[in-house]
Amino acid sequence: MIKVGIVGGTGYTGVELLRLLAQHPQVEVTLITSRSEAGVAVSDMYPNLRGHYDDLAFGEPDPERLAACDAVFFATPHGVAHALAGDLLARGTRVIDLSADFRLKDAEEWAEWYGQPHGAPELLEEAVYGLPEVNREAIRGARLIAVPGCYPTAVQLGLLPLLESGLIDAQHVIADCKSGVTGAGRGAKVPSLLAEASESMKAYGASGHRHLPEIRQGLTRAAGQPVGLTFVPHLTPMIRGIHATLYGRLNGEPGDLQALFERRFADEPAVDVMPAGSHPETRSVKGSDICRLAVHRPGDGDTVVVLAVIDNLVKGASGQAIQNLNLMFGFDEMAGLGAPALMP
Ligand SMILES: NC(=O)C1=CN([C@@H]2O[C@H](COP(=O)(O)OP(=O)(O)OC[C@H]3O[C@@H](n4cnc5c(N)ncnc54)[C@H](OP(=O)(O)O)[C@@H]3O)[C@@H](O)[C@H]2O)C=CC1
Ligand SMILES: CC(=O)N[C@@H](CCC(=O)OP(=O)(O)O)C(=O)O
């Protein structure tokens, strides 16, 4: 058994970590923090966890107790892991950060998009971008993981086979994405209110969203050249889920696209390439760590369309964070993550 701590346990990704880790055979959650709820029992705040963490209460993020853990997850707003990760690493505790603090390799670019100076640029070189489908070997040996964002996970998984094989024009890639409202976090915000978000849908960040540089960084690596990406996220009236519709312009005759996708993800436990002609639904991944993909070539024309769905809180955050933990500690990669999606 390893001992694990969670900083920021009251948000949606924090409680999702607890839900998934309750089924993990090799992990004990020994510490969970919330400054505003310190002293409150976890199962009082989250009754779905009653019977699983009855002795666990939220506490202050005490550095001594965090350093006594084998690994610490940060499920906190941007900037918090900058302040605490260095000290934990120096004391031998591994860090898995669900925020964007270590995702961009360029500290100045991070500062531009996140509106504050980067708090720990000295750790950027060592941080490993935690997308197992790209970085599995590096993750196994990592001490510091930057868990990818939710949109970046869906978009990169959908486009990797096409860009890695040079089949599409890297200068003209389009990602049209929809998210459920839990993507905005648990904090009270007017756009997340029932009367604002239900029965309606809207785009946002069309002129530039902070996930754009993160997605571009990953796709550029896959393509081996700079990628021209248009990324437009939308808020949709669902609780969980991301649906990405991805468009690429084919460079020539692509061969069998279905076979390309099936080959690329044949050994990937968290990616399901659906049969030709499929239209994956977000509900088919709700609560599960799976990304389901389908590839289409409408009218045998020069455009390829990829459909990708994930649960933003699982493959888009906490499930993927646990996949990383499993790789770092030599556990089965999908330990704790085996439950099928909830449907309906
Ligand atoms: N929601 C989603 O779908 C996804 C979210 N993420 C990212 O995961 C992170 C967590 O998001 P989410 O779960 O929505 O949570 P919230 O941002 O809603 O929750 C934040 C948690 O962090 C704690 N916290 C806030 N400030 C500090 C601080 N300075 N020091 C210590 N703890 C602090 C809060 O507790 P308290 O203030 O009481 O200490 C709370 O428990 C964010 O970076 C988010 O962008 C990533 C992928 C998907
Ligand atoms: C619907 C919604 O508001 N989504 C969030 C992104 C979700 C997210 O979790 O972003 P990180 O993974 O980078 O933390 C947004 O657009 O800012």
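**Helix packing and ligand shells**

Mentor: Helix H1 passes helix H11 in a right-handed crossing (the near helix is turned clockwise from the far one by less than a right angle; left-handed would be anticlockwise). Helices here are DSSP runs of H or I with at least four residues, numbered from the N terminus. This is a predicted model, where local features need pLDDT of at least 70, side-chain atom pairs count only at pLDDT 80 or more, and totals for chains, interfaces and linings use all residues. Residues are numbered from 1 along each chain as its sequence is written, and chains are lettered from A and ligands numbered from 1 in the order in which they are written.

Trainee: At roughly what angle do H1 and H11 cross?

Mentor: Roughly 50°, with the axes of H1 (residues 12–21) and H11 (residues 314–328) coming within 9 Å. That makes H1 oblique to H11, as the angle is not under 35 degrees (roughly parallel), over 145 (roughly antiparallel) or 65 to 115 (roughly perpendicular). Axes are lines fitted to C-alpha atoms over the stretch in contact, and angles run from 0 to 180 degrees between N-to-C directions.

Trainee: Which residues of H1 make the contact?

Mentor: Thr13, Glu16, Leu17, Leu20 and Leu21, and on the H11 side Val314, Ala317, Ser318, Gly319, Ala321 and Ile322. Contact is defined by C-beta atoms, placed from the backbone, within 7 Å. By class, there are 7 nonpolar, 3 polar and 1 charged residues. Ala, Val, Leu, Ile, Met, Phe, Trp, Tyr, Cys and Pro count as nonpolar, Asp, Glu, Lys and Arg as charged, and the others, Gly among them, as polar.

Trainee: And H6 with H11, what's the handedness there?

Mentor: Right-handed. The axes of H6 (residues 132–140) and H11 come within 9 Å and cross at roughly 40°. Pro132, Arg136, Ile139 and Arg140 of H6 meet Gln323, Asn324, Leu327 and Met328 of H11.

Trainee: Switching to ligands. How many residues surround ligand 1?

Mentor: 32, and the closest are Gly8, Gly11, Thr13, Ser99 and Gly185. A residue is counted if its C-beta atom, placed from the backbone, lies within 6 Å of the molecule. H1 and H11 are the elements giving two or more residues to that shell, and H1 gives the most, with 3 residues.

Trainee: What is the class make-up of that shell?

Mentor: 10 nonpolar, 19 polar and 3 charged. The shell around ligand 2 has 5 nonpolar, 4 polar and no charged residues; Ser99, Cys150 and Pro233 are among them.

Note on methods: Two residues are in contact if their C-beta atoms, placed from the backbone, lie within 7 Å.
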